[in-house]
Amino acid sequence: MRTILITGQGGTGRTTVAAATALRAAHQGTRTLVLTADRTDTLGAVLGVPTGPAPVEAAPNLTAWRPDAAARFREDLTAFQQRATAALDLLGASRLDAEEVTPLPGAEELAVLRALRDAALSEAYELLVVDLPPAPQTLALLGLPEELRRYLRRLLPPERQAARALRPVLGRLAGVPMPAEWLYETAARWDVELAAVQAVVEDRATTVRLVAEPGPAGTDAVRTASTALALRGLSVDALVANRVLPTATDDPWLAALAAQQHKALDEWRETYDLHEVPHLGRDPRGGGDLAELPVPHVNAAPTPVEWPVVDRLADDGVLVWHIPLPGAIREELDLVRRGDELVVTVGQFRRIVALPSALRRCTVDGAALREGELRIRFAPDPALWPRGK
């Protein structure tokens with residue numbers, strides 16, 4: 001299944017572009033699902049078909065779905081309370097009824113991640129278009145499965161579960177109760193669910209489309225988003241410049257704004273696969289308006305982001321790890337080696353990545369940022385490197 005994640009600058013018509021992209025693919029005969037994280041039915045307003053917790057047919061070959069975050073949050077909390085009955089009784093805790101539970105911030109995004117997983121596993125669709133929040137929130141959301149799985153492995157290592165027969169003895173020796181078996185079972189179930197979401201996000205057929213209005217603010221937002229997405233290993237297959245104004249106008253105010261837009265467009269053409277979507281002079285509503293928007297086609301074979309390790313042992317005595325970071329600034333870049341992991345920080349974004357197996361037997365020999373690519377040199381550690389290699 002091909003997946004396209006739509007994000008970008010806030011307030012620039014991301015939902016409209018997502019709907020138009022999904023509708024165009026559906027018109028071409030592709031079985032398509034469009035998902036949204038909005039609590040309000042913006043997607044339904046654009047499509048002209050109300051959306052909600054149950055998937056609805058918005059057009060031939062097109063299904064729209066707006067998962068109910070509140071209902072899923074209530075189900076999860078109720079299930080947790082049932083499994084933690086003993087612990088809650090011990091603490092004298094008063095349980096919450098499902099009717100009094102309201103979703104916490106971020107519940108909508110988590111609901112979309114689960115819907116993303118469910119849609120991929122269903123194999124009912126050929127294309128999944130996901131209407132996501134503005135880029136900063138989206139980047140945190142897309143990194144969540146990887147980060148939560150890392151936390152679970154650190155807090156509840158799976159190998160400790162194998163020694164569950166020893167936990168009563170260890171509990172008596174330590175003087176504190178050891179984690180119950182259900183806790184490990186819950187962590188294992190969460191890990192499986194998170195791994196399924198992570199697999200969809202990191203799949204080679206998953207790409208991102210950025211939506212922005214051309215101008216200074218849009219240029220800054222696109223640069224930051226592109227760098228952060230590359231840090232997550234995600235490919236930007238297109239930049240959609242939305243609400244582009246015509247250049248020919250007698251209105252001085254509109255002419256100045258159009259000139260500012262086209263200056264940004266000229267810069268974007270040099271770097272991105274740019275697609276200009278003109279301003280219709282109104283908010284697009286319904287299939288007729290959406291069909292007028294020239295959103296890009298869906299490429300069936302996207303180009304994935306690669307982080308290759310280049311062998312330069314014969315020439316320079318090092319292995320070089322190439323990490324593409326377009327738009328990164330040297331002063332905002334930081335690297336820290338922690339055991340078999342590398343902590344990469346670019347501005348406000350950070351990712352902890354596992355080193356490839358060959359690099360775990362090396363020491364960091366330096367790094368350089370050149371032409372939008374971070375190149376980290378690793379020298380073999382004589383104590384760990386096989387002889388003759």
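Contact here means heavy atoms within 4.5 Å of each other. The model is predicted, so local features need pLDDT of at least 70, side-chain atom pairs count only at pLDDT 80 or more, and totals for chains, interfaces and linings use all residues. Residues are numbered from 1 along each chain as its sequence is written, and side-chain values use heavy atoms, without hydrogens and water.

Q: What makes Gly 286 count as buried?
A: Buried means under 20% relative accessible area, exposed over 50%, and partly exposed in between (1.4 Å probe, protein chains only). Gly 286 has 15% relative accessibility and therefore counts as buried.

Q: Which residues does Gly 286 touch, leaving aside those up to four places away in sequence?
A: Gly 286 touches Val 46, Leu 47 and Gly 48. Its C-alpha also lies 8.1 Å from that of Val 49, 237 residues away in sequence.

Q: Why is one side of β3 and of β8 left without a neighbour in the sheet?
A: Helices (H or I, at least four residues) and strands (E, at least two) are DSSP runs, numbered from the N terminus, and two strands pair if DSSP finds at least two bridges between them. The open sheet has the order β3-β4-β2-β5-β1-β6-β7-β8. Because β3 (56-59) and β8 (274-278) each have a single partner strand, they stand at the edges.

Q: How do you know that β1 and β5 pair?
A: Strands β1 (residues 2-8) and β5 (residues 127-131) share five bridges in the parallel sense, and the definition asks for at least two. Thr 3 has Leu 128 in β5 as its bridge partner.

Q: At what angle does helix α1 run to β5?
A: Axes are lines fitted to C-alpha atoms, for helices over the stretch in contact, and angles run from 0 to 180 degrees between N-to-C directions. Helix α1 (residues 14-27) runs at about 170 degrees to β5.
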